[in-house]
Amino acid sequence: MRRLTHARLSVITAESCSGGLVCAVLSQAEGAGSSLQGGFIAYTKQQKEMSLGVPAALLAEVGSVAPEVARLMAEGALARSPADIALVLTGVVGPAEDEDGNPVGRVVFACGTREEAIGAETKEFGDIGPEDLRRLVVMHSLELLDGKITGLATGRDA
């Protein structure tokens with residue numbers, strides 16, 4: 001959070017399988033009051049559509065654990081907040097695959113800003129248990145955010 005504050009940036013999260021855990025972790029850091037805008041918890045397809053504007057037709061076609069969905073969740077979070085950066089994840093914690101056949105441990109992450117095409121990446125953590133999976137999901141999310149802050153700070157210094 002210090003790096004966000006120093007760079008005069010703020011973040012919004014949009015989370016599915018983590019249930020808001022990334023936002024909760026960020027909220028405990030010093031500086032959260034000035035750099036954390038909040039978070040969306042969109043656990044179901046219907047909530048992804050209603051809260052973040054992900055089209056129902058896309059969710060029906062590709063499911064909720066897909067790069068296209070993560071990118072649109074990020075765009076929706078940015079459109080519905082004053083944040084500079086959206087940090088997003090959607091995946092399957094378990095105990096079984098989801099209704100679309102995505103296996104336990106598959107998580108799609110996105111992190112981006114309004115000024116760029118938002119990229120997404122899929123990670124296969126495997127069926128390692130919900131506690132370990134959530135811990136790895138939070139760690140990877142924070143690494144993505146750190147990388148985005150570094151990239152934005154470097155771009156401003158150039």
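The model is predicted: local features need pLDDT of at least 70, side-chain atom pairs count only at pLDDT 80 or more, and totals for chains, interfaces and linings use all residues. Residues are numbered from 1 along each chain as its sequence is written, and side-chain values use heavy atoms, with hydrogens and water left out.

**Figure 1. Overall fold of the protein chain.** The protein chain has 7 helices and 5 strands, which are DSSP runs numbered from the N terminus (helices H or I, at least four residues; strands E, at least two). Their order along the sequence is α-β-α-α-β-α-α-α-β-β-β-α. The radius of gyration is 15 Å, close to the 15 Å that the globule rule gives for 158 residues, so the chain is as compact as a globular protein of that length. That radius is taken over C-alpha atoms, and the globule rule is 2.2 Å times the number of residues to the power 0.38. The C-alpha trace spans about 45 × 30 × 25 Å along its principal axes. Of the 158 residues, 46% count as buried. Among contacts (heavy atoms within 4.5 Å) between residues at least 6 apart in sequence, 61% join residues at least 24 apart. The accessible surface comes to about 7700 Å², of which 51% belongs to carbon and sulfur atoms; areas come from the Shrake-Rupley method with a 1.4 Å probe, and for residues only the protein chains shown count as cover.

**Figure 2. Salt bridge between Arg3 and Asp146.** Side chains of opposite charge can pair when their charged atoms come close. The structure holds 6 salt bridges, each a side-chain nitrogen of Lys or Arg within 4 Å of a carboxyl oxygen of Asp or Glu. In this one, the N to O distance is 2.2 Å. Arg3 belongs to helix α1 (residues 2-6) and Asp146 to helix α7 (residues 130-157), so the pair ties together parts that are 143 residues apart in sequence. Arg3 is partly exposed at 37% relative accessibility, and Asp146 is partly exposed at 37%.

**Figure 3. Salt bridge between Lys45 and Asp100.** The two side chains meet at 3.0 Å, N to O. This pair links distant parts of the chain, 55 residues apart: Lys45 is in helix α4 (residues 45-52), and Asp100 is in the loop between β3 (85-91) and β4 (106-112). Asp100 is partly exposed, with a relative accessible area of 34%. Lys45 and Asp100 also join Glu99 in a network of salt bridges.

**Figure 4. Salt bridge between Lys148 and Glu116.** The N to O distance is 2.8 Å. Lys148 lies in helix α7 and Glu116 in the loop between β4 and β5 (120-124), so the pair ties together parts that are 32 residues apart in sequence. Lys148 counts as buried at 18% relative accessibility, whereas Glu116 is partly exposed at 30%.

**Figure 5. Aromatic pair of Phe109 and Phe125.** Rings of Phe, Tyr and Trp (its six-membered ring) pair if their centres lie within 6.5 Å, with planes under 30 degrees apart counted as stacked, over 60 as edge-to-face and the rest as tilted. The count by this rule is 1 aromatic pair. The ring centres of Phe109 and Phe125 are 6.2 Å apart and their planes stand at 80 degrees, so the pair is edge-to-face. Phe109 is in strand β4 and Phe125 in the loop between β5 and α7, so the pair ties together parts 16 residues apart in sequence. Phe109 is buried, with a relative accessible area of 1%, and Phe125 counts as buried at 18%.

How values were computed: Buried < 20%, exposed > 50% of the residue type's maximum accessible area, 1.4 Å probe, protein only.
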